[in-house]
Amino acid sequence: MADTTILGITDKITVSAWVYPTTINQYGNIVGKSILNADPFHSFVLRFNTVASPTLQWSVTTNDTDIYHTGASNISLNTWTYVVATYNGSEMNVYVNGVID
């Protein structure tokens, strides 16, 4: 998809996805908006953080500043999981199956 300002983060965003990971790669993206050939390289991304104990990492870039939040709950393989990430302009949260993480 071509870059569009409608997907640019100015102050608030919520993303969600159903995931069914059969394998997990470190920093494997679930959903996000990347900016190629620029720094910062993404506007937002919800991804897996590690392989051994896969958790969620939520990152938002606003005003050329990256803000991160890493969840604590492990994401299970071969299981449907509903994940949500929110940013309200100052606070970031991730949810796993409707429970704040």
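Two strands pair if DSSP finds at least two bridges between them. Strands here are DSSP runs (E, at least two residues), numbered from the N terminus. The model is predicted, so local features need pLDDT of at least 70 and side-chain atom pairs count only at pLDDT 80 or more, while totals for chains, interfaces and linings use all residues. Residues are numbered from 1 along each chain as its sequence is written, and side-chain values use heavy atoms, without hydrogens and water.

Start with strand 1 and strand 6 (residues 81-87). They pair in the antiparallel sense over seven bridges. Val15 has Ala85 in strand 6 as its bridge partner. Both strands belong to an open sheet of four strands, in the order 1-6-7-8, with antiparallel pairing. Strand 1 (13-19) and strand 8 (99-100) stand at the edges; each has a single partner strand, so one side of each is left without a neighbour in the sheet. At the other end, two bridges join strand 7 (residues 92-96) to strand 8. Val96 pairs there with Val99.

Side chains in a regular strand alternate between the two faces of the sheet. Strand 1 has a covered face of Ile13, Val15, Ala17 and Val19. Its uncovered face holds Thr14, Ser16 and Trp18.

Now the aromatic rings. The structure holds three aromatic pairs (ring centres within 6.5 Å; planes under 30 degrees apart are stacked, over 60 edge-to-face, the rest tilted). Trp18 and Tyr82 have ring centres 5.0 Å apart and planes at 40°, so this pair is tilted. Trp18 in strand 1 and Tyr82 in strand 6 are 64 residues apart.

Notes:
Buried < 20%, exposed > 50% of the residue type's maximum accessible area, 1.4 Å probe, protein only. Phe/Tyr/Trp six-rings, centres within 6.5 Å; stacked < 30°, edge-to-face > 60°.
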